[in-house]
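Student: I would like to go through this structure and ask what stands behind each label. Please give the cut-offs as we go.

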Amino acid sequence: MTGLSTADYHDHAAARVAEAWQTIAAHSTQAYTGICVVCGRPGPCDEQRAARRKLARYAGTGPSPEDAVQSVAESLDDLRTAWATIIVASDRAGAQAHGSGLTRRLAPWQGALTECWQALGLVYSGLTEARRDPATPGGSAGELLAGLHAARADADRAAALAAAVRLRLIVAEDRLRRTGSPAGLLAARRWGAAVRRLDLVAARLAVGSRAIQRYADSLAGVSEPAPPRPPSRCTAPAEEIALGVRAACRLVTARRRRVRPGFWRTVRQRVREEFAW
Amino acid sequence: MNDPMLALRDLLDGQLRDHGRRLRGFTDPDWQRYADLLAGAFLLAVRRRFAPGPDQARVIRFVATARERYDPTGVTLDPAFAEELVRAALLDDPPPVVDAVPVDEAVLVDGAVPVSTGALVTAQSLLLLALLEDEGTSADGNAELLSAAGRLVRPSGPARSCGADRVAEDWSIRPPAPGGS
């Protein structure tokens, strides 16, 4: 509540709205460069944002779409922190619970880790979509590039983290495998699976980073050289090529048998796991 | 799509029986076209995954995981050769390792590792499969990659376009100016 009368408040609000409109008109963002014409900073500048907020407040329409998008962008840090916290918590709990039979109950924590990653991805994709909307003119080229840079930095940090965890898991897997006990072998196999999952995470982060880099380069006007052509035509004898292809097929088939075992092999494996527990 | 492309697509999609069935009907030009497409797809997949640069740790790690998956005995896929193959695909002007010769006249890749054509095709196939598995590409993604590879490698017919502009479009880059080199 204010101490102003209704008429005074109306005059006050009208003056603030007029000021806000003037600020918005003056601090316009140049479409070509994405720079505010008054401040020289990537637009929309702080003054224009403040004016828009003021306008929204006096117009009684609540936060503008631009402010809503900005608040989501600011919450990315919280999400990253949450992800890091879950990793630390899961790590500590896993260390304490090892061998006490609690490992299975901690499985949802691992799920939470994945969920957090998915949430982060969804927030990023939502931001991208929101900034395409003409009603939210906050997405200048500078901001987009900065966002892409932050996303790449996140991916690199996550990949480094995954690589460090992978090394620890490999050492632990090797150590447990050499104990020869059923429980140790089972734990080693599960950690082996975790290592492969981390490899997958690192590979997909690398592909995503590369795609972001190409996109950012194209936005910045840096053209990537076209992929070189492989040698014009293969002139090797067909028998040699056939030998190579068949050798590859044999290895792929053998791998498929290892990865997707038949029914009885699966049953034997399950029985072994039950006895191990 | 012609038969080599369909056969390679079967391999990438995991349809090994169909792949073997198609291979049985191959003629000599089909085998050579198959090797061309494989080289092109490998080149595109490597450049989609790795950035050129001095850091080789990612390449080494990838080759190690590929060998772990497809060559657990460690005999078939030579790590030095496989890493060299990936590194060569990242160069602006890759050495012509595809134009290899029969087994008895082994090719020296980077002046160090003797390689036969068969070993080269095996390595390219396994590394390509590992790259696509890591990416988690769908069947449509595999088909797109093969289409791009088909445009990248020179078609066997003399009157067909080499498709440089379409390759550039695939890579989200500007095609060269018509009068440019």
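Tutor: Start with burial: buried means under 20% relative accessible area, exposed over 50%, and partly exposed in between, with a 1.4 Å probe and protein chains only. By that rule, buried residues make up 51% of the 181 residues in chain B. The model is predicted, so local features need pLDDT of at least 70 and side-chain atom pairs count only at pLDDT 80 or more, while totals for chains, interfaces and linings use all residues. Residues are numbered from 1 along each chain as its sequence is written, chains are lettered from A and ligands numbered from 1 in the order written, and side-chain values use heavy atoms, without hydrogens and water.

Student: What makes A:Glu19 and A:Arg16 a salt bridge?

Tutor: A salt bridge is a side-chain nitrogen of Lys or Arg within 4 Å of a carboxyl oxygen of Asp or Glu. The closest N and O atoms of A:Glu19 and A:Arg16 are 2.9 Å apart, so the pair meets that limit. Both lie in helix α1 of chain A, and because they are 3 residues apart there, about one helical turn separates them. A helix here is a DSSP run of H or I with at least four residues, and a strand is a run of E with at least two, numbered from the N terminus.

Student: Why is A:Arg255 called buried?

Tutor: Its relative accessibility is 15%, and the limit is under 20%, so A:Arg255 counts as buried. A:Arg255 also forms a salt bridge with B:Glu133, with the closest N and O atoms 3.0 Å apart. That pair crosses between chains, from helix α8 of chain A to helix α6 of chain B. B:Glu133, at 30%, is partly exposed.

Student: How do you know that B:Arg21 and B:Asp18 are paired?

Tutor: Their closest N and O atoms are 3.2 Å apart, which falls within the salt-bridge limit, so the pair counts. B:Arg21 has a relative accessible area of 47%, hence partly exposed, and B:Asp18, at 27%, is partly exposed as well.

Student: What makes the largest nonpolar core a core?

Tutor: A nonpolar core is a set of buried Ala, Val, Leu, Ile, Met, Phe, Trp, Tyr and Cys residues joined through side-chain atoms within 4.5 Å. The largest such set has 57 residues, and B:Phe42 and B:Leu127 are among those with the most contacts inside it. Helix α3 of chain B supplies the largest share, 11 residues.

Student: Why does A:Arg272 count as exposed?

Tutor: The value for A:Arg272 is 55%, and exposed means over 50%, so the label holds. A:Arg272 is in helix α9 of chain A.
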